[in-house]
Amino acid sequence: MNFTALHFIKRVARPFYAPLYNQLHDLLRGARRYRYLYKEIKRVRARRILEVGTWRGDRALSMIRTALHYTPPSEVEYYGFDLFESLNDAQFKSEISKWPPSVDEVKRKLNATGVALQLYKGDTKETLPAALRALPKVDFVFIDGGHSIETIQNDWNCTSQLMHETTVVIFDDYWPHNFNAGAKPVVDAIDTNKYIVEILPIIDKFTHKDFGALEIQFAKVTRR
Ligand SMILES: C[S@@+](CC[C@H](N)C(=O)[O-])C[C@H]1O[C@@H](n2cnc3c(N)ncnc32)[C@H](O)[C@@H]1O
């Protein structure tokens with residue numbers, strides 16, 4: 001089989017095997033915290049999902065597939081924000097980022113799910129405030145874009161405006177021992193008179209090339 005045929009089969013088949021592949025990949029990497037995403041999406045029967053930091057779209061596929069267990073594709077909406085191919089070296093460094101593919105590549109991958117899809121390319125400090133007025137309230141938010149405090153603060157300030165009574169917001173990268181980046185400073189400053197803030201108990205441990213030993217948790221935020 002030549003490379004083009006293999007590439008084509010991979011592209012068509014990926015939406016079907018990606019959720020299983022993701023779970024296996026997370027398990028092998030020792031990333032156990034992601035199970036909370038699917039559990040919460042199922043629990044609130046989320047139909048409108050917003051992800052800050054779509055990256056390769058594989059997490060989006062798993063979240064969408066979870067929603068499709070109980071909702072037809074015509075009723076599921078996914079909103080994804082990422083720098084995509086506009087990410088530059090300076091942002092890569094300041095956001096402690098990963099390199100994403102192009103928005104078109106991710107769109108092709110996610111289109112196969114049949115759900116309504118909107119992808120926003122650019123820095124969320126610009127794209128999220130600009131999109132706010134046109135966006136509906138959403139059921140589930142996953143904040144996993146840039147890792148600078150400024151960006152995560154912006155992402156929370158914006159997406160918190162899209163919460164309704166039962167919306168669940170999950171922050172990735174709550175680093176219990178790192179205070180100069182990651183979600184901890186933002187999450188710890190959330191007004192607990194207005195929101196219920198839970199640091200979810202699973203701790204994933206990695207060795208990061210810049211930080212050394214790194215512990216990662218999810219933080220879950222809902223409205224009181
Ligand atoms: C850790 S990856 C996201 C992983 C994805 N949520 C998943 O679980 O597979 C972070 C993504 O955030 C994007 N990103 C970083 N800084 C950003 C910013 N300021 N605005 C928009 N996207 C940003 C990067 O391009 C990268 O694709």
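Trainee: How much of the protein chain counts as buried?
Mentor: Of its 224 residues, 51% count as buried. Keep in mind that this is a predicted model.

Trainee: What is the secondary structure of the chain?
Mentor: It comes to eight helices and eight strands. As for the contacts between residues at least 6 apart in sequence, 74% join residues at least 24 apart.

Trainee: Let's go to the ligand. Which residues come nearest to it?
Mentor: There are 18 residues around the ligand, and Glu 51, Gly 53, Arg 59, Asp 82 and Asp 144 come nearest.

Trainee: How does that shell divide into nonpolar, polar and charged?
Mentor: Four residues are nonpolar, seven are polar and seven are charged.

Trainee: Which polar atoms lie by the ligand's nitrogen atoms?
Mentor: A polar side-chain atom of Asp 144 sits 2.8 Å from a ligand nitrogen.

Trainee: How much of the ligand does the protein bury?
Mentor: The protein buries 97% of the 600 Å² that the ligand exposes when taken alone.

Trainee: Back to Gly 53. Where is it found?
Mentor: In the loop between strand E1 and helix H3.

Trainee: Is Gly 53 buried or exposed?
Mentor: Gly 53 counts as buried because its relative accessibility is 9%, and the cut-off for buried is under 20%.

Trainee: What is Gly 53 in contact with, leaving aside its sequence neighbours?
Mentor: Beyond four places in sequence, Gly 53 is in contact with Phe 81, Asp 82, Asp 144 and Gly 145. Two of those names, Asp 82 and Asp 144, also come up among the residues that come nearest to the ligand. There is also Ser 97, which lies 44 residues away in sequence while its C-alpha is 9.7 Å from that of Gly 53.

Trainee: What can you tell me about the phi of Trp 55?
Mentor: Trp 55 has a positive phi of about 50 degrees although it is not a glycine. Its place is in the loop between E1 and H3. Trp 55 counts as partly exposed, as its relative accessibility is 27%.

Trainee: Where else is there a positive phi?
Mentor: Ile 96 has one of about 45 degrees, again without being a glycine, and it sits in the loop between helix H4 and H5. Then there is Arg 45, which follows H2 and has a positive phi near 50 degrees.

Trainee: OK, helix H5 next. Why are its buried residues on the same side?
Mentor: The buried ones are Val 103, Val 106, Lys 109 and Leu 110. They cover an arc of only 125 degrees around the axis, so they end up on the same side of H5.

Trainee: What does Ala 60 touch?
Mentor: Not counting residues up to four places away in sequence, Ala 60 touches Glu 51, Tyr 78 and Leu 110. Leu 110 is one of the buried residues of H5, while Ala 60 has its place in helix H3. Ala 60 is itself buried, with a relative accessible area of 0%. Its C-alpha and that of Tyr 78 are 7.9 Å apart, 18 residues along the chain.

Trainee: Last one: where is Asn 178 found?
Mentor: In the loop between strand E5 and helix H8. At 17% relative accessibility, Asn 178 counts as buried, and beyond its close sequence neighbours it is in contact with Lys 184, Phe 211 and Leu 214.

Technical notes. Residues numbered from 1 in each chain as written. Predicted model: local features only at pLDDT ≥ 70, side-chain atom pairs only at ≥ 80, totals over all residues. Heavy atoms only, no water. Near = heavy atom within 4 Å. Polar contact = N/O pair within 3.5 Å; in protein donor to acceptor, adjacent residues only side chain to side chain. Areas by Shrake-Rupley, 256 points an atom, 1.4 Å probe, with all protein chains shown as cover. Nonpolar A, V, L, I, M, F, W, Y, C, P; charged D, E, K, R; others polar. Buried < 20%, exposed > 50% of the residue type's maximum accessible area, 1.4 Å probe, protein only. Helix = DSSP H or I, 4+ residues; strand = E, 2+ residues; numbered from the N terminus. Arc of directions from axis to C-beta. Contact = heavy atoms within 4.5 Å.
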